[in-house]
Number of protein chains: 4
Amino acid sequence: MPRATGVRGFLERLDRGPVIGDGGFVVALEKRGYVEAGPWTPQAVIEHPEAVKQLHREFLRAGSDVCQAFTFYASEDKLKNRGNSAGSYGVKAINQAACDIVKEVAYPEGSLVAGGVSQTPTYMNTTDKALVQAEVRKQCAVFKETGVDLMICEYYDHVEEAEWHVEAVKDFMPGVPVCASLCINEDTDVHGVPTGECGVKLARAGADVIGINCHYDPFRCIKAVKKMIKNVKAAGFDKVHFMIQPLAFMTPDASVQGFIDLPEFPFALEPRTCTRFEMQRYAREAYEAGIRYIGGCCGFEPYHIRAVSEELSAERGGYQPAGAINWGECLLMNTKPWVRARASKEYWQNLKPGTGRPHSSSFSKCDQWGITAGHELMSQHEEATGDEALKKALEFKKRMENVEIIINA
Amino acid sequence: MPRATGVRGFLERLDRGPVIGDGGFVVALEKRGYVEAGPWTPQAVIEHPEAVKQLHREFLRAGSDVCQAFTFYASEDKLKNRGNSAGSYGVKAINQAACDIVKEVAYPEGSLVAGGVSQTPTYMNTTDKALVQAEVRKQCAVFKETGVDLMICEYYDHVEEAEWHVEAVKDFMPGVPVCASLCINEDTDVHGVPTGECGVKLARAGADVIGINCHYDPFRCIKAVKKMIKNVKAAGFDKVHFMIQPLAFMTPDASVQGFIDLPEFPFALEPRTCTRFEMQRYAREAYEAGIRYIGGCCGFEPYHIRAVSEELSAERGGYQPAGAINWGECLLMNTKPWVRARASKEYWQNLKPGTGRPHSSSFSKCDQWGITAGHELMSQHEEATGDEALKKALEFKKRMENVEIIINA
Amino acid sequence: MPRATGVRGFLERLDRGPVIGDGGFVVALEKRGYVEAGPWTPQAVIEHPEAVKQLHREFLRAGSDVCQAFTFYASEDKLKNRGNSAGSYGVKAINQAACDIVKEVAYPEGSLVAGGVSQTPTYMNTTDKALVQAEVRKQCAVFKETGVDLMICEYYDHVEEAEWHVEAVKDFMPGVPVCASLCINEDTDVHGVPTGECGVKLARAGADVIGINCHYDPFRCIKAVKKMIKNVKAAGFDKVHFMIQPLAFMTPDASVQGFIDLPEFPFALEPRTCTRFEMQRYAREAYEAGIRYIGGCCGFEPYHIRAVSEELSAERGGYQPAGAINWGECLLMNTKPWVRARASKEYWQNLKPGTGRPHSSSFSKCDQWGITAGHELMSQHEEATGDEALKKALEFKKRMENVEIIINA
Amino acid sequence: MPRATGVRGFLERLDRGPVIGDGGFVVALEKRGYVEAGPWTPQAVIEHPEAVKQLHREFLRAGSDVCQAFTFYASEDKLKNRGNSAGSYGVKAINQAACDIVKEVAYPEGSLVAGGVSQTPTYMNTTDKALVQAEVRKQCAVFKETGVDLMICEYYDHVEEAEWHVEAVKDFMPGVPVCASLCINEDTDVHGVPTGECGVKLARAGADVIGINCHYDPFRCIKAVKKMIKNVKAAGFDKVHFMIQPLAFMTPDASVQGFIDLPEFPFALEPRTCTRFEMQRYAREAYEAGIRYIGGCCGFEPYHIRAVSEELSAERGGYQPAGAINWGECLLMNTKPWVRARASKEYWQNLKPGTGRPHSSSFSKCDQWGITAGHELMSQHEEATGDEALKKALEFKKRMENVEIIINA
């Protein structure tokens with residue numbers, strides 16, 4: 001497999017050229033029937049290891065250079081949140097199973113293995129640095145013991161929490177490269193810190209790779225990382241690399257918390273799904289912006305990562321992923337002549353895909369409740385959501401719908 | 001598993017209540033990296049048996065009562081068409097592998113196993129009944145030997161070819177229930193035979209179950225099957241059952257050969273993908289129209305079949321598939337209160353999903369070349385498409401684009 | 001003015017080539033501030049004669065060969081309906097003022113003058129032929145006395161009422177050519193009579209010119225008239241001419257009573273407004289279908305009629321209307337080079353105009369209450385709509401919204 | 001007429017409450033057949049005075065407090081530009097005719113009369129202050145002699161030219177209030193001066209009223225004026241008032257030169273036309289932002305100004321314009337019950353109008369040639385555009401279309 005450079009080191013690989021990540025597991029496995037939407041249950045690694053392995057295999061075939069252990073959102077406090085049954089397994093067992101699975105699949109193929117941590121309910125409820133970092137260390141124990149090639153701290157909408165995580169991981173796992181990735185847009189984090197400045201804060205906290213993941217579409221994420229690059233370079237951090245792992249959903253209309261605010265989240269996002277040609281454009285633009293770690297998050301299916309691999313083939317020594325379509329060349333074998341006539345880059349690159357949805361609009365009205373850490377409705381707790389709590393949320397919803405919010409469109 | 005009734009017979013199951021099919025394999029496996037678009041290579045059953053098994057497992061978890069061996073479009077003449085490398089395996093080896101795989105997965109779960117045949121290049125090139133039926137028998141040899149619970153003759157746009165296939169299968173595999181399914185719309189087949197009348201012809205040919213699959217969205221397929229039901233009942237065929245296995249893509253604007261004519265086929269159909277709630281509406285409307293075999297075709301992912309199972313739970317003794325979302329009840333465990341507020345049937349049933357695509361229109365301009373069996377460009381042959389042949393197709397395309405065709409919208 | 005052939009006779013003009021009508025007055029004058037939406041008050045001819053004259057002048061400049069007296073919906077029973085203040089003027093005074101105005105403007109320019117009658121509340125309430133025809137004669141008294149070049153019986157959604165009107169007018173105004181125009185779609189009238197058959201009924205009733213006006217967009221109206229042409233010709237009426245006066249609004253999604261069922265009627269139809277290039281296409285397609293009287297109805301502004309004139313210039317001896325844009329040639333005088341680069345037929349003919357409306361969908365959900373003559377809510381009466389009556393309508397609306405109606409899209 | 005306060009002074013009226021402007025004349029009169037698109041010929045005041053008077057009358061009925069003489073873009077250098085036939089009349093004759101017309105109509109109704117100047121080809125070609133101001137004085141000669149209540153300097157995309165005009169007018173017509181209005185968006189003028197700062201520059205130049213007109217939709221213009229208000233107030237100009245006269249077209253996707261860059265300009269903007277309810281929202285938001293002079297520009301028809309008047313009725317002593325629809329109350333007289341059920345504010349305020357255009361997208365791809373004053377293609381000259389010049393523009397167009405420009409959406 002030509003993409004395997006023989007170089008073990010993650011940072012060395014980034015120095016040499018693009019490193020391709022994998023796609024998000026929770027949304028892909030929910031569609032396959034192994035993860036529950038809402039709690040986004042990582043216990044699939046214990047209950048359905050074969051399904052998790054299969055998805056790792058598919059991303060590998062599509063060209064991923066890094067396989068991330070499926071431990072998303074598996075902090076101890078999150079596993080217990082709101083009646084989640086995952087709590088009975090505990091973070092240790094889940095992370096161990098995830099590491100075992102990913103190593104079994106990734107190492108024979110020459111892929112690197114990443115561990116990961118992400119935002120915690122503890123931050124939302126307490127904003128207490130010591131408590132938050134304790135949660136981080138609990139998550140990292142298995143990664144430290146079992147050994148990983150890199151750590152990804154990802155999915156933060158408050159840069160402050162990301163800084164605390166980076167510091168904790170750097171301290172707890174010395175020598176392991178640490179990536180720090182926020183789920184914010186091209187403007188600011190949820191507390192109003194400008195995106196470019198967030199990049200600098202993460203560099204100061206010690207992150208080796210800095211960027212954006214989840215919450216927004218590829219093109220908005222590129223805009224956000226570009227701002228980080230500009231500020232981080234201006235601040236003199238010359239060795240820092242940049243990363244991007246966006247949604248595979250188009251979200252021009254998403255507000256401060258990204259696709260979560262869209263009314264279609266999480267069960268009706270289909271019409272927003274990116275095509276493989278949009279992914280090729282994404283890969284090209286990200287690479288040209290100077291981003292070297294290029295992967296995906298929620299919504300990415302193996303064929304999306306494959307499109308990234310196809311686009312960056314020249315930059316990876318001519319490597320072609322399994323199932324490459326080469327701008328539709330395979331269509332020359334189709335039985336219909338008008339389909340064979342579509343076998344060209346020009347055709348697919350210029351196509352604006354019809355939606356087939358004459359009753360749908362292109363933009364949606366976001367939920368913009370304007371509440372964050374500290375608001376009663378945002379507090380996280382272990383018991384399941386009862387009728388009373390739901391009623392409060394619905395009342396708040398009704399109140400918010402009477403507030404006219406102008407979307408920038 | 002409550003849906004397993006203990007009844008072995010396919011037709012007896014249909015008499016008792018809804019029988020849920022599975023989804024299409026070629027499109028799903030293309031996205032996972034195991035099938036090539038264009039030739040839609042069924043040799044995946046030999047080259048990647050684990051990937052095929054995994055998809056069978058997922059549909060089973062989602063509630064399928066019938067698992068169809070993955071032998072789509074695997075007639076001997078098709079395998080050799082236009083430079084397809086599958087020809088070296090041959091129909092016998094492919095069908096045997098497909099049967100072995102499906103039986104291994106389906107039988108332990110109490111699911112039925114279907115064999116299948118579909119339209120042949122031989123019909124397109126010769127319209128010679130004897131030659132066409134010879135191709136059918138070649139395909140059925142393995143099914144007959146290994147034993148299947150039912151045969152599905154599917155994906156015909158000329159009712160005439162479907163009749164020939166049904167007759168051949170009934171004759172070759174006596175005692176096996178035969179389904180006959182066309183890929184036509186609510187108006188006529190490609191030769192102009194009205195859809196209702198097509199149903200009667202299939203009944204006369206001996207089909208036990210009659211219906212529509214592929215090429216159009218669920219709601220257009222329901223309209224088409226309704227016309228078949230009306231005519232078939234009027235013609236006195238009281239015991240015939242009806243089936244439907246539509247696309248999971250919205251195609252209000254598709255012309256005579258369905259989604260193949262849409263400019264987005266096959267690589268940019270994402271915005272048209274049905275949501276699970278559209279699938280629940282589909283299942284309900286199909287059932288209420290009197291259709292008893294309800295499944296899916298291209299574009300169906302496991303979660304689409306799961307939505308069908310959820311909707312028809314009461315009709316199947318309360319059976320709930322793995323991963324049922326129950327109109328979003330699982331969202332009550334989400335961390336954001338505005339997402340928890342979406343945990344209701346009313347919310348999802350009424351949502352018109354935004355497309356996130358301000359540069360896309362809802363309808364596309366179809367390729368409508370108006371050519372069919374007999375036209376030079378439609379003839380199928382073994383060698384790969386060369387430059388000269390492609391040039392001819394592109395010239396024809398250019399000519400067709402200057403012909404103004406009014407779409408009924 | 002080259003378009004004036006010197007021939008006085010309306011039917012002789014139709015025999016020679018296309019005759020261009022004018023546009024609808026009620027919608028255009030409502031926007032200018034002289035007509036009230038809802039009652040669509042024709043008393044503007046008495047209260048604001050100058051505004052009515054100006055609109056006649058503009059349509060004439062745009063190329064109209066026929067000017068219709070502005071007496072739309074001015075039957076005695078309609079003028080009194082639901083608290084309308086027009087009742088105090090009476091049909092005689094209104095029609096006399098309308099005739100005086102149109103003759104003053106039209107005759108010096110060589111244009112023909114048309115009188116008109118349309119559907120009556122009396123038909124809706126009684127379906128009594130004698131009463132309905134008495135209303136017609138009341139309307140025609142002024143036209144008979146003052147003299148008109150032709151009579152237009154228009155805007156019927158029941159062909160039966162149109163037949164009664166044609167008979168009455170033919171009988172009351174012998175020698176005057178009579179046009180009969182329904183406001184139905186390409187399928188049937190509101191009582192289910194197929195559109196083609198409606199044409200035959202009107203021919204049998206004695207109409208000289210038969211066609212469609214209002215309620216649907218140009219392209220759906222062309223489809224409807226084509227069906228009339230086919231049936232009327234097949235029935236042997238060789239001398240009958242055909243007419244079309246459609247909306248200037250795109251209505252692919254309108255149901256049985258056309259744009260009135262659309263939720264945007266009558267105050268938010270702007271995004272549906274046809275461009276002048278769509279009007280040129282309309283004129284060409286109508287002419288090629290064999291339609292000779294080509295005009296407009298609601299939504300037509302003078303520039304829409306001008307576009308029809310431009311398109312049919314060759315067929316009218318090279319006549320060019322005032323203000324002709326000649327596919328944008330005038331843009332060559334623009335200050336911006338990219339605007340000058342738009343001065344071509346190819347540019348405008350191929351443009352699909354963007355909507356600028358990312359929160360709008362292309363199709364709307366129609367009101368489809370499924371009630372017609374005979375239903376309590378459809379009965380017309382003189383007193384204004386009170387709270388009780390409105391409440392009943394709103395309750396019915398609520399009931400209808402829970403009935404799922406599938407639109408053919 | 002209650003809106004006439006008896007106060008003659010324009011600035012005093014602004015101190016007391018909202019002053020409503022009129023709509024744009026060139027686009028409205030082009031549709032009626034009296035103005036040519038491209039050169040936007042103001043000679044209509046000489047050739048068709050009755051048509052111009054009628055439009056003034058309609059805006060007055062709709063509630064305009066200010067009537068602007070129709071002298072748009074009538075500087076001497078512009079009248080001669082690119083083969084325009086208006087040059088033979090000359091600016092003096094045109095402005096005199098325009099003043100005579102507007103005074104005859106406006107004064108009997110108590111409306112104020114405005115003269116106007118706008119951007120000049122001389123600025124584009126020379127950026128020579130003395131030459132530009134000489135053009136301004138030529139235009140103002142008639143206004144000074146005949147007397148006007150206010151002067152409007154409007155439609156500048158370079159704030160520098162606007163400052164020069166304001167200075168020249170203040171100097172030439174002492175004592176006359178001067179409005180200064182740019183046609184720029186919420187970001188910057190064409191030279192990159194931030195919009196808020198542009199406001200300060202205009203205040204320093206002596207403008208009494210400052211704001212935005214043309215080029216963008218009402219909601220983008222409000223955003224732009226808000227930025228001006230903020231900066232102008234911060235700079236201590238306490239007595240300055242603010243104005244807004246936007247397009248009546250929705251332009252979320254327009255780039256630096258507004259709707260001129262949209263591919264639909266100027267002949268296919270119909271789907272973007274604002275509804276009267278969008279205009280009511282516009283009037284309310286503009287008033288709440290502190291804007292006191294609220295009118296319209298291109299695309300405004302009398303019913304749009306009427307909607308502004310309706311919305312601000314309470315703020316103008318309860319004044320209701322002729323033809324007020326009062327959120328559809330007039331529909332209570334309609335014959336159809338489902339239309340009567342639409343007679344409410346809630347219905348119209350919440351309606352998202354369907355476009356009826358399944359082949360249109362909501363956003364368009366703008367021409368973004370990125371050229372301005374100084375570029376060869378931007379130079380203005382008297383002779384008509386010849387083949388050679390057009391060819392150059394088309395070649396440039398082709399080149400620009402291969403440059404991928406990412407629209408912020």
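Guide: Before we start, a word on burial: buried means under 20% relative accessible area, exposed over 50%, and partly exposed in between, with a 1.4 Å probe and protein chains only. This is a predicted model, in which local features need pLDDT of at least 70 and side-chain atom pairs count only at pLDDT 80 or more, while totals for chains, interfaces and linings use all residues. Residues are numbered from 1 along each chain as its sequence is written, chains are lettered from A and ligands numbered from 1 in the order written, and side-chain values use heavy atoms, with hydrogens and water left out.

Visitor: Why does A:Phe277 count as buried?

Guide: The relative accessibility of A:Phe277 is 7%, and the limit is under 20%, so A:Phe277 counts as buried. A:Phe277 is found in helix α12 (residues 276-288) of chain A; helices here are DSSP runs of H or I with at least four residues, strands are runs of E with at least two, and both are numbered from the N terminus.

Visitor: What is A:Phe277 in contact with, leaving aside its neighbours within four places in sequence?

Guide: Contact means heavy atoms within 4.5 Å, and by that rule A:Phe277 touches A:Ile325, A:Trp327, A:Trp348 and B:Phe267.

Visitor: What makes A:Asp253 and A:Arg272 a salt bridge?

Guide: The term asks for a side-chain nitrogen of Lys or Arg within 4 Å of a carboxyl oxygen of Asp or Glu. Here the N to O distance is 2.9 Å, so the pair qualifies. Both residues lie in the loop between β7 (241-245) and α12 of chain A, so the pair ties together parts that are 19 residues apart in sequence. A:Asp253 is buried at 2%, and A:Arg272 is buried at 0%.

Visitor: How do you know that D:Lys138 and D:Glu135 are separated by about one helical turn?

Guide: They are three residues apart in helix α8 (residues 129-146) of chain D. An α-helix has 3.6 residues a turn, so residues three or four places apart point the same way. D:Lys138 and D:Glu135 also form a salt bridge, with the closest N and O atoms 3.1 Å apart. D:Lys138 is partly exposed at 39%, whereas D:Glu135 is buried at 9%.

Visitor: What joins the side chains of A:Asn185 and A:Tyr216?

Guide: A polar contact of 3.2 Å. That term means a pair of N or O atoms within 3.5 Å; within protein, one must be able to donate a hydrogen and the other to accept it, and residues adjacent in sequence count only if both atoms are side-chain atoms. A polar atom of the A:Asn185 side chain also lies 2.8 Å from the backbone nitrogen of A:Asp187. At 8% relative accessibility, A:Asn185 counts as buried.

Visitor: How many residues meet between chain C and chain D?

Guide: 91 residues of chain C are in contact with 91 residues of chain D. Across this interface the rule finds 10 salt bridges, one of which pairs C:Glu30 with D:Arg276 at 2.9 Å. There are also 47 residue pairs in polar contact, both residues at pLDDT 80 or more. α4(C) gives the most to the side of chain C that touches chain D, with six residues.
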